[in-house]
Every structure is written in C-alpha cells, then in structure tokens.
Amino acid sequence: MIEDLDSADIVVIGAGPAGCTAAEHAALRGAEVLVVERKEEIGIPVACGEFLPSIDEIKSIFPRAVDVDLLFDIPADLVSLKTDRLRLYSPGLRLFEISLVGYTTDRDRFDKHLASKAEKAGARIITGCSFVSVEDEGVITSLGKVRAKVVIGADGPMSRVASSLGLPANKSLYPAVTARAKGDFEPIPEMYFGNVAPGGYAWIIPKRGGANVGAGVSPRFAKGRISDYLKRFVERKGLDIDRPVGKFVPMSGPVAKTTSKRGLIVGDAAGHVMAVNGGGIPIAIICGRLAGETAAGNVTKGRPLEMYERLWRDQVEKPLRTAVRTEALASLFFGSQWRLGAAMRALGRRRMGRIIRCKPVLP
Ligand SMILES: Cc1cc2nc3c(=O)[nH]c(=O)nc-3n(C[C@H](O)[C@H](O)[C@H](O)COP(=O)(O)OP(=O)(O)OC[C@H]3O[C@@H](n4cnc5c(N)ncnc54)[C@H](O)[C@@H]3O)c2cc1C
C-alpha cells in the first residue's frame, strides 16, 4: 500500500509538463491532489530536444490560449540559450533561415521546476510508482490502491490511463531519439530534412556548452532503426554524443475524445503535439492547466468534466488540426529527396515560417 497516500480528490498519472501543471492548478483551486510518477527521478532520462518557443511565439501559434505570460514565466536559470532563428536544410542541403524566437532548456531541471510548483501549491508527488488500471473507486498502482474521485492521465504518448478510461489512443507514433553533444555550436537550431530522417527531421539544437542532437522519423518512410539514423547523422556531422534516449512522438493530432465519466487525458496522452515539428511542451502546459482546473471544479463544485474538452479545443485545437493537415500534405513529398527539395524551394522561407507555426500554408 502507499502509506498515507492512498486517497486524494484527484490522482494525476505522470509528472511531466502536463501532469505537473494539472496538479499545480488543481491544488491551487483547493483540490487534494496526488501525482503518481513511475520514474524514480522526475525528468530523468531526458528524451526531448529541449527547445521552447518564446512567449510571443506561443501567443502567435495559439492565439486563443489564455494566460500565456503567466504559464510560461520560466525562471532565467532554466534558460540554457536564447535563439532568434532556425535553419532548415533541404535534402540537398539548401539552407532556409527563418526567424523564430525561443530558447533551449535543461528538460530534467525544467520538469523538476514544474513539479516543485505543483508541490508548493499543495500537491503530493510519489515517484517510482506505476499506474496499472482505473477501477471503481480510484486507481491501482504498482504500490497499491489510491482512492480518487477523478483521474488525470498525463502519462505520455502510449497512455495506459487513456485505454483504462476507454478513451482513444494516439493513432500515429513516430520514434524519436536524442542525445547531448559537447562542444561549441552557433546559437541557431538546425533541422535537416530528407533521407537523413525520412518523414521527420534530424536536429542540432544548441545549448550552453553543447547541443541537443536527435532525429525523429515516420514509420511509413523509415527503412531502419531510429538509432541507426541518429548514428549516421552524428557521424556525418562529426559530433561526439553521449548515450541516446528514445521515445515516441504522437503525430496524428488530438484524439477524438479526452474526457470520460471518471477522468480525462492531457498532453502527449491526448495527442497535444504540433504535427509539423513534434513540439508538445507548450500545449502540455496550456492544456494541463485546463485539465487541473476542470478536475478541481468537478470535485469541489460538481462541475462536469466535459467542460475540459470544450476549453482545450477552443484554445489550441485549430492550430493543431492545421498542423496535421500540413503534415499529411508534406507526406506526399517525403518519398523522394528531389520532390521534397523542390517543395521546400517552392514554399520558400516565408511559407515554411508559417508552417512551423502551425499556420495554413497560404494566409
Ligand atoms: C526525442 C523527442 C524530442 C522532443 N523535443 C521537443 C522539443 O524540443 N520541444 C517540445 O516542445 N517538445 C518536444 N518533444 C515533445 C515533448 O517532449 C512532449 O510533447 C512533452 O514531454 C509532453 O509532456 P507530457 O507531460 O504530456 O508527457 P511526458 O513528458 O511524456 O510525461 C509523461 C510522464 O508520465 C510518466 N508515466 C508514463 N506511464 C506511467 C505509468 N504507467 N505510471 C506512472 N507514470 C507514468 C512518464 O514517466 C513521464 O514522466 C520531444 C519529444 C521527443 C520524444
């Protein structure tokens, strides 16, 4: 049994950005919250490019999101390196430089920061404990039963909570792998398209004292293991990396339903990822807040959990759907290096800048 922790108003599964933000805001609204995280240490190992757009960029991508300044008020010591543009390379290494303001972070410290905010708000977090299933009065974990009125599934791309609540799973999962390289890098993130990472891209995202290097591929176009793609990319760039860590990125957009009678899902579990670039941290935080507040409203005031569905769809769904459509269009070109290069040339810098911000190709 989980000593003294076997009951809460709300149990949150997963202490990533979605779960910690949900826990913080549910606790701030007066709910008793317990977060269950299967990792021994929050944020470790890091499986992330560690790049975040600036507050203004987040507002431009998600113009209907509210309280963005408040949600993304990140302490300066969590900013590893500020960047103001991106370099996109076509299969033939033609360069397209687009403006995009952002920064890199240390994802392990970033997640720990969100967890400490949740704890300050009053949530309790237990690590080294895995969710097993939802049952009548709560959830079963590897350490015992937790009684709870509402379950928030923030357990990542292959959400066990989603299936246990009878909610849809992510349809399309792209394998991605990342590692850290030491050395001096220009403070400009780079994305490489084409055979280097079929249907996805390889990246070098500079950080203080090094870079995050990785690759993500589409299972439809890739012809080998993701680790081999990264290995070849790293060799080609002459980089020296530490041990790569892999994970999946949900690329089919938001799932059709995110609430059930017993709970709700958020973040990667709900497909809250930008299909044009694989970024999900901003949406996990925006929707995490909405999930936490709705769950607290349910347990303290009897408000329906379905409100969450309407709230997050209103704030972020349109750009996420646009990104899915653009990605589907792009997949027509991924099969041929030549066609992809020609498409990038035809699009040019300005339109690619729109695409990466989840806007329609044409204004
Ligand atoms: C290689 C890679 C690079 C990426 N780069 C970027 C980037 O640069 N910028 C960006 O914005 N996004 C990036 N993303 C996406 C981003 O990491 C995710 O969208 C984001 O982490 C989603 O947050 P989350 O809280 O929903 O899920 P997660 O961060 O995955 O957190 C889920 C948590 O749930 C826990 N968990 C899972 N199952 C259980 C269980 N059964 N019981 C208990 N706990 C459980 C996990 O251990 C984990 O801590 C990248 C993804 C990958 C794979």
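## E135 and its partner

E135 counts as partly exposed, at 27% relative accessibility; that label covers values between buried (under 20% relative accessible area) and exposed (over 50%), using a 1.4 Å probe and protein chains only. What does the side chain of E135 meet in a salt bridge? The partner is K145, at 2.8 Å from N to O; a salt bridge here is a side-chain nitrogen of Lys or Arg within 4 Å of a carboxyl oxygen of Asp or Glu. The two residues sit ten residues apart and link distant parts of the chain, with E135 in strand β7 (residues 131-135) and K145 in strand β9 (residues 144-153). Helices (H or I, at least four residues) and strands (E, at least two) are DSSP runs numbered from the N terminus. K145 is partly exposed too, at 26% relative accessibility.

A word on the model before going on. This is a predicted model, in which local features need pLDDT of at least 70 and side-chain atom pairs count only at pLDDT 80 or more, while totals for chains, interfaces and linings use all residues. Residues are numbered from 1 along each chain as its sequence is written, and side-chain values use heavy atoms, with hydrogens and water left out.

How many salt bridges does a search of the whole structure find? The search finds 28. One of them pairs R124 with E32, whose closest N and O atoms are 3.2 Å apart. R124 belongs to strand β6 (residues 124-126) and E32 to the loop between α1 (17-28) and β2 (33-36), so this pair ties together parts 92 residues apart in sequence. R124 is partly exposed, with a relative accessible area of 24%, and E32 is partly exposed at 39%.

Another salt bridge brings together the side chains of E97 and R85, at 3.1 Å from N to O. These residues are twelve apart and link distant parts of the chain: E97 is in strand β5 (residues 95-104) and R85 in strand β4 (residues 81-89). E97 is partly exposed at 24% relative accessibility, and R85 is partly exposed at 30%.

## Helix α7 and its neighbours

Two packed helices are described by the angle between their axes and the distance between the axes. For α7 (residues 281-301) and α8 (residues 306-330), the angle is about 165° and the axes are 8 Å apart. Axes are lines fitted to C-alpha atoms, for helices over the stretch in contact, and angles run from 0 to 180 degrees between N-to-C directions. That angle makes α7 roughly antiparallel to α8 (over 145 degrees; under 35 is roughly parallel, 65 to 115 roughly perpendicular and the rest oblique). The contact (heavy atoms within 4.5 Å) is made by I283, I286, C287, L290, A291 and T294 of α7 with M307, Y308, L311, W312, Q315, V316 and L320 of α8. Sorted by class, this contact has eleven nonpolar, two polar and no charged residues. Here Ala, Val, Leu, Ile, Met, Phe, Trp, Tyr, Cys and Pro count as nonpolar, Asp, Glu, Lys and Arg as charged, and the others, Gly among them, as polar.

Helix α7 also packs with α1, at an angle of about 35° and with the axes 7 Å apart. On the α1 side, the contact is made by P17, A18, T21, A22, H25 and A26; residues of α7 that take part include I281, A284, G288, R289 and E293. By class, the contact of α1 with α7 has nine nonpolar, four polar and two charged residues.

## Backbone details

Most residues other than glycine have a negative phi, and most peptide bonds are trans. Which residues does a cis peptide bond join? The bond lies between I44 and P45, with omega at about -5°, and P45 is in the loop between β2 and β3 (51-53).

E50 lies in the loop between β2 and β3 and has a positive phi of about 65°, although E50 is not a glycine. Is E50 buried or exposed? At 0% relative accessibility, E50 counts as buried. C358, in the segment after α9 (337-356), has a positive phi of about 60° without being a glycine. C358 counts as buried at 5% relative accessibility.

## D69 on a short walk

D69 is found in helix α3 (residues 68-71) and is partly exposed, with a relative accessible area of 43%. Leaving aside neighbours within four places in sequence, D69 is in contact with I55 and K59. The C-alpha atoms of D69 and S218 are separated by 34 Å, and these residues are 149 apart along the chain.
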